Amino acid sequence: MLVQAGERLLLDCHHRAPFSRLLTEGGAGGWQPADGRPCDVHVVVQPQRTPFDTRGWAPLTRGAYARNGVVVLFNACGSGFDLRLVATDHLRVEARWRPPVREHVAARLLRSRFHLLARAALLQYPALWWAGCRGRVPMHASAVTVGASVPLLAGPGGTGRSTLLLGAVASGEHTCSDNVCVTDGRTVHGLVEPMRIEGGGGRHMAHGRTERSLPGRVDALLPDRLVVLRRRISGRPAVRPLAAADAARSLVAGTYMAGELRRYWPFAATLALGTGQGPAHPPIEAVAQTMARRLPAHELVLGDRPEEGLATLYRLIAEAPEKAEALP
């Protein structure tokens, strides 16, 4: 059992133990034995290689069919898995490995790509969508404790957020995710996935990064401020107050720019149309504006050594807003 995006997720994949380990690694202790309480999302990876029977079903779009609120996706998200999704009082996801030739070859030759797509299609996107049916939206942001404060770190990929998080949790702080979270505008729930950072050990991934478990992970945090990250090629870290409208724009833009969510939007829209549940498009802008109006916001600009920004982040929390260092 895993709390994923605020939802209790149960994975049944006993017939393929190595594949099950691939999906569950990176939880950093987040996977716990089932305790008898009902799950919110139940994922069953079936051994069958036959296609789901969709004869007489209504086509939604290419590779997607629906009948009586049940949706079947063939080769979901390009992962090679067919999914049958049933949304009642919980979400049941039945998966069968039936890759077309191209996806089968890619799974063997591009292992890191396959790992990411399998996690997304089987564990992350179903939980994100079910959380959306409960009023939470995805955000490309990370909440982390900094002493007694909980900033929400936002900004596009490559700005140095993972470096800051790794430094913070190494010093005893806590975070609920590396890249993606869900929120109702107040509480932030993390999406469980391994960290992908430059250097170090672990499975090799794209862009010269490797995977490692995220230490110091908790399921949810309540942010008390927004910190929008920006990167420049040189110089020391600097911080300034940020208007609510600019902070909200960064939250929204960073979310839509995120590669982790690129395949999520059509996935969520197809399920909304086929099941009649949840929004066809998550109200990300409205939630971002609510957070930005409620929380004080700052911009933290990192130079060529993003790890130096951690000290600046701690100083920002300790100092009054009017004492924040102005950008040149």
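Reader: What makes Arg 249 count as exposed?

Author: This is a predicted model, and the values below are computed from it. Arg 249 has a relative accessibility of 52%. Exposed means over 50%, so Arg 249 is called exposed.

Reader: Why is the pair of Arg 249 and Asp 246 called a salt bridge?

Author: The N to O distance between the two side chains is 2.8 Å. The cut-off is 4 Å, between a side-chain nitrogen of Lys or Arg and a carboxyl oxygen of Asp or Glu, so this pair qualifies as a salt bridge. Both residues lie in helix H5 (residues 244-257), 3 residues apart, about one turn of the helix.

Reader: Why is Asp 246 called partly exposed?

Author: Asp 246 has a relative accessibility of 33%. That value falls between the cut-offs of 20% and 50%, and therefore Asp 246 counts as partly exposed.

Reader: How do you know that Asp 224 and Arg 225 form a salt bridge, and which word, buried or exposed, describes Arg 225?

Author: The closest N and O atoms of Asp 224 and Arg 225 are 3.4 Å apart, which is within the 4 Å that the rule requires. Arg 225 has a relative accessible area of 17%; buried means under 20%, so Arg 225 is buried. Asp 224, at 29%, counts as partly exposed.

Reader: What parts does the salt bridge between Glu 308 and Arg 236 tie together?

Author: The side chains of Glu 308 and Arg 236 meet at 3.1 Å, N to O. Glu 308 lies in the loop between strand S19 (297-302) and helix H8 (309-318), and Arg 236 in the loop between strand S17 (225-231) and strand S18 (238-241), so the pair ties together parts that are 72 residues apart in sequence. Glu 308 is partly exposed at 26%, whereas Arg 236 is exposed at 58%.

Reader: How many salt bridges are there by this rule?

Author: The count comes to 15. A network of salt bridges links Glu 7, Asp 40, Arg 134 and Arg 136.

Reader: Which residues touch the most other members of the largest nonpolar core?

Author: They are Phe 81, Leu 83, Trp 129, Met 139, Tyr 264 and Phe 267, in a core of 70 residues. Helix H3 (residues 111-133) gives the most to this core, with 12 residues. Beyond its neighbours within four places in sequence, Phe 267 is in contact with several residues, including Leu 83, Tyr 125 and Trp 129. A second, separate core has 15 residues, among them Val 146 and Leu 300.

Terms used: Residues numbered from 1 in each chain as written. Predicted model: local features only at pLDDT ≥ 70, side-chain atom pairs only at ≥ 80, totals over all residues. Heavy atoms only, no water. Buried < 20%, exposed > 50% of the residue type's maximum accessible area, 1.4 Å probe, protein only. Helix = DSSP H or I, 4+ residues; strand = E, 2+ residues; numbered from the N terminus. Core = buried A, V, L, I, M, F, W, Y, C linked by side-chain atoms within 4.5 Å. Contact = heavy atoms within 4.5 Å.
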